[in-house]
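Here are some exercises to work through with the structure open beside you. Try each task yourself, then check the worked solution.

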Amino acid sequence: PREEVAYVTCTYRSTGIDQPDFLATVDLNPRSCHYGQVIHRLPVPNLKDELHCAGWGPACGCFDSGAAAKRTKLVLPSLISSRIYVVDVGSQCRAPRICKMIEPVDVFWKCNKGYLAVTHALPNGDILIANTGDPAGNGKGGFVVLDGETFELKGNWENECEAPPTGYDFWYQARHNVLVSSAGLVPKVAGRGFCPEDFKKGGEPRVAAAPGPGPGLAGLGGRREAISPRVPVQRDNWAVEEVIRIPAKDVSGWIMPKMPAFIADIIISPDDRFLYVSNWLHGDVRQYELGRNCKPRLVGQVFVGGSILRGGPVTVCRDEELKCQPEPLVVKCKRVYGGPAALQLSLDGKRLYVSNSFYSTWDRQFYPSLIK
């Protein structure tokens with residue numbers, strides 16, 4: 001059935017307003033008089049958490065587990081405080097409530113991890129949360145695990161193997177028994193704001209998996225490809241091949257003479273036909289058709305804010321794709337600021353939801369009007 005509500009994490013961090021972050025419930029019923037409006041706010045009890053990526057638990061989307069329809073709990077990890085909230089959305093979907101909270105000190109002491117990012121449920125029902133650093137803000141990747149029934153913190157997922165230097169996103173292909181994770185930014189480096197010098201040593205990919213029996217991964221989107229070209233690698237019969245490159249734009253009035261693409265999120269449609277890409281800096285959401293030859297073809301594009309809009313401070317001097325700068329986006333007489341960041345498709349694949357905030361420190365740097 002069509003979705004009735006959406007849950008959106010919202011943060012006050014970096015706005016100068018001392019209020020706790022909150023989970024917004026948005027009415028998605030087109031027949032409702034409150035359609036498209038926030039109908040409930042669930043504030044968390046602490047300040048400056050920076051709620052970032054919400055994830056379902058347990059076992060949502062894991063078709064082999066028989067629990068694909070179980071969407072009663074949301075897990076909200078905090079990117080800055082490292083606190084974890086578990087929200088009950090099953091009892092009252094239009095007015096959810098916090099049912100459990102895991103304090104940062106528990107994550108620090110038990111896992112020696114911090115700066116929690118992306119959440120997914122494992123096929124066995126446990127909850128996996130990727131982290132980007134250690135408690136001090138140094139780079140340290142890996143995962144922490146919550147029990148899928150009690151939501152108690154179980155510890156680190158990777159056990160005795162070597163922890164990657166950074167982390168951020170991940171997805172798994174259960175039929176191949178493989179999980180692919182991505183690199184991220186060092187938290188205390190990212191906290192200083194965007195600096196071109198910080199990105200010359202490597203990119204930060206987002207991962208999307210196709211559930212079909214063919215290639216284990218249908219999409220691997222690289223961030224900042226214009227700054228850090230990917231080098232094809234192969235290990236244990238797994239290979240990486242660049243299939244999409246979004247060209248940088250020659251600009252004036254920006255912090256660099258070239259504005260690279262910045263892929264904030266990617267998602268594959270339930271029928272494996274389309275790949276959706278959010279380009280946070282340029283401002284466009286792209287739709288690629290996925291063929292059997294693994295060569296995605298651009299078939300749709302819409303601008304949702306961005307840094308190259310007509311009338312703004314940035315002038316595009318040379319553009320390999322566009323003939324003119326796009327117009328600002330206005331919805332119901334209200335200007336939309338920021339750029340397309342997180343993506344979520346409806347379960348039938350007919351509606352795509354897009355957020356316009358990526359990370360509070362960088363939002364303030366690139367989109368000050370969004371902060372206001």
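**Exercise 1. Find which backbone nitrogen lies 3.0 Å from a polar atom of the side chain of Gln325, then work out the setting of Gln325.**

Step 1. Keep in mind that you're looking at a predicted model. Start at the side chain of Gln325: one of its polar atoms is 3.0 Å from the backbone nitrogen of Val316.

Step 2. Now look for a backbone oxygen. The one belonging to Ile308 sits 2.8 Å from a polar atom of the Gln325 side chain.

Step 3. Place Gln325 in the fold: it's in the loop between β24 and β25.

Step 4. Is Gln325 buried or exposed? Its relative accessible area is 17%, and the cut-off for buried is under 20%, so Gln325 counts as buried.

Step 5. List the contacts, skipping residues up to four places away in sequence. Gln325 touches Ile308, Leu309, Arg310, Val314, Thr315 and Val316.

**Exercise 2. Arg310 turned up in that contact list. Find its salt-bridge partner and say what the pair ties together.**

Step 1. The partner is Glu327, with the closest N and O atoms 2.9 Å apart.

Step 2. Locate both ends. Arg310 is in the loop between β23 and β24 (315-318), while Glu327 is in the loop between β24 and β25, so their bridge ties together parts 17 residues apart in sequence.

Step 3. Arg310 has a relative accessible area of 44%, which makes it partly exposed. Glu327, at 47%, is partly exposed too.

**Exercise 3. How many salt bridges does a search of the whole structure find? Trace the ones made by Lys154 and Lys295.**

Step 1. The search finds 20 salt bridges.

Step 2. Take Lys154. Its side chain meets that of Asp126, at 2.9 Å from N to O. Lys154 belongs to strand β11 (residues 153-156) and Asp126 to the loop between β8 and β9, so this pair links parts that are 28 residues apart in sequence.

Step 3. Look at how accessible each end is. Lys154 is partly exposed at 46% relative accessibility, whereas Asp126 is buried at 11%.

Step 4. Move on to Lys295, whose side chain meets that of Glu241 at 2.7 Å, N to O. You'll find Lys295 in the loop between β22 (284-289) and β23 (297-303), and Glu241 in the loop between β17 (238-239) and β18 (249-252), so the bridge ties together parts 54 residues apart in sequence. Lys295 is partly exposed, with a relative accessible area of 43%.

**Exercise 4. Which residues touch the most other members of the largest nonpolar core, and why does this core lie between domain 1 and domain 2?**

Step 1. Here's the background idea: in soluble globular proteins, nonpolar side chains tend to be buried together.

Step 2. The largest nonpolar core has 32 residues, and those touching the most other members are Trp254, Trp280, Phe358, Trp362 and Phe366.

Step 3. See which elements contribute. At least two residues each come from β8 (114-121), β9 (127-133), β10 (143-146), β12 (170-173) and α3 (360-366).

Step 4. Bring in the domains. Domain 1 (1-213) and domain 2 (246-371) both supply residues, so the core lies between them.

Step 5. Zoom in on Trp254. Leaving out residues up to four places away in sequence, it touches Met259, Pro260, Leu281, Val314 and Phe366.

Key: Residues are numbered from 1 along each chain as its sequence is written. This is a predicted model: local features need pLDDT of at least 70, side-chain atom pairs count only at pLDDT 80 or more; totals for chains, interfaces and linings use all residues. Side-chain values use heavy atoms; hydrogens and water are left out. A nonpolar core is a set of buried Ala, Val, Leu, Ile, Met, Phe, Trp, Tyr and Cys residues joined through side-chain atoms within 4.5 Å. Buried means under 20% relative accessible area, exposed over 50%, partly exposed in between (1.4 Å probe, protein chains only). Helices (H or I, at least four residues) and strands (E, at least two) are DSSP runs, numbered from the N terminus. Domain bounds come from an automatic or database domain assignment. Contact means heavy atoms within 4.5 Å. A salt bridge is a side-chain nitrogen of Lys or Arg within 4 Å of a carboxyl oxygen of Asp or Glu. A polar contact is a pair of N or O atoms within 3.5 Å; within protein, one must be able to donate a hydrogen and the other to accept it, and residues adjacent in sequence count only if both atoms are side-chain atoms.
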